[in-house]
Amino acid sequence: EEIRSFAVQVKLNEDAAINVQEKIVYDFGSSLRHGIYRVIPFVKINANKKKYSLDFKNFSVTDENGARYNFSELTEGTNLKLKIGDADKTISGVHTYIIDYDVAGAITYFSDHDELYWNITGNHWDVPIDKVSAKIILPESLKQEIIESKCFTGSYGSTEANCETRQDGNEIYSSTNNYLNSNEGLSVVVKLPMNAVAHLEPKEYKTFFETFFGKIVLVIMFVIGVVWYLLLPFYIIYRWFKYGRDPKAVVGETTAWYDPPKTPDGKRFLTPGEVGTLGDETVDLKDISATIVDLARRGYLKIVEKEKKDFYLQRTNKADKMISSNNKGGDREK
């Protein structure tokens, strides 16, 4: 695949807008394709590194006979992308694409002159370009002026000038001296007298995070990042040291530590027998056994093994004192 020729006409109007027509003769060879992509940068950067957005409108795409192509416009980063072709149809061989559009904001204004800098082909073609030619038509008022122009070739940012320019009245002609490799292009710079056209400044370009709302979102994201990646790990470690570590147990013995539920008034913990009864709504032998062990744990009973597997319960002094304090008469003690 290759581009056989890339011919561009740029007309500069007195209102500082430009009309662009590109005639691209594309050879698909034997490859079966749906069409082409035309990628056009819409952001320019001035000498102070400020970014400005060009305003594109009135796109149309036809073949050499005026028949219209299907196309759609996409935005990818700082590039405008035209998707030209039919998704339901494949083509091969040589096809011509004539792209027309208008641009506002292409003129840059300096203290001593105005300037038109235009990337004729763009630098996003994946195929080589055999020949590039450009004609820049200036306003009639500049027909007798000596206009300074330069051209550059190569990849983005290249200062190579494998091209030539000439002036004929109010028209500037530029062309490449050799073919361009993929991702290479031709750019033309035309130095104009001050006030040669109207003063039409482009809009300053700002990404989402450069806007006021974007900066707020950026601050929120930064705060969340600091909390999540810096503060939260330390907080987790602090919680683990304070609450998460198991208490020291008797050597060779691991004990589960937990608190039983409390009564509704919160004044005391429920006993094992109460918990077991509430859990399955029955009093079974496990609840009674748990109550005996709990009474022994609290010091009201002693579980004594007089002989192997021969256990007895003994009431302790603590139980006697409790019974005495809760009973004022012998009958209740009985």
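Here is a walk through the pockets and strands of this structure.

The model is predicted, with local features needing pLDDT of at least 70 and side-chain atom pairs counting only at pLDDT 80 or more, while totals for chains, interfaces and linings use all residues. Residues are numbered from 1 along each chain as its sequence is written, and side-chain values use heavy atoms, with hydrogens and water left out.

Let's start with the empty space. Rolling a probe the size of a water molecule over the atoms shows where empty space is left. Here a pocket is an open set of points on a 1 Å grid over the protein atoms alone, where a 1.4 Å probe fits and protein lies on both sides within 12 Å along at least five of seven lines; a lining residue has an atom within 4 Å of a point. The volume is the space filled by probe spheres set on the points, which are joined across faces, edges and corners.

The largest pocket holds about 1100 Å³ of space. It has 34 lining residues, and Val 43, Lys 44, Ile 45, Tyr 117 and Tyr 156 are the closest to its centre. Which strand gives the most to this lining? That's strand 11, with 4 residues. Strands (E, at least two residues) and helices (H or I, at least four) are DSSP runs, numbered from the N terminus. The lining splits into 14 nonpolar, 16 polar and 4 charged residues. For this count, Ala, Val, Leu, Ile, Met, Phe, Trp, Tyr, Cys and Pro are nonpolar, Asp, Glu, Lys and Arg are charged, and the others, Gly among them, are polar.

Now hop over to the second largest pocket, at about 550 Å³. Its lining has 15 residues, with Pro 260, Leu 270, Pro 272, Asp 294 and Arg 297 nearest the centre. Helix 2 (272–280) and helix 3 (285–297) each supply at least two of the lining residues, and helix 3 gives the most, with 4.

Back to Ile 45, by the centre of the largest pocket. Its bridge partner in strand 5 is Lys 51. Strands 4 and 5 run antiparallel, joined by 3 bridges; two strands pair if DSSP finds at least two bridges between them. Both belong to an open sheet of 3 strands, in the order 4-5-17. Strand 4 and strand 17 (203–204) are the edges, each pairing on one side only.

Finally, look at strand 9 (residues 94–104), which pairs antiparallel with strand 2 (residues 18–27) over 10 bridges. Ile 24 stands opposite Tyr 97 there. Strand 9 also pairs antiparallel with strand 6 (residues 55–62), over 6 bridges, and Val 61 has Ile 99 as its bridge partner.
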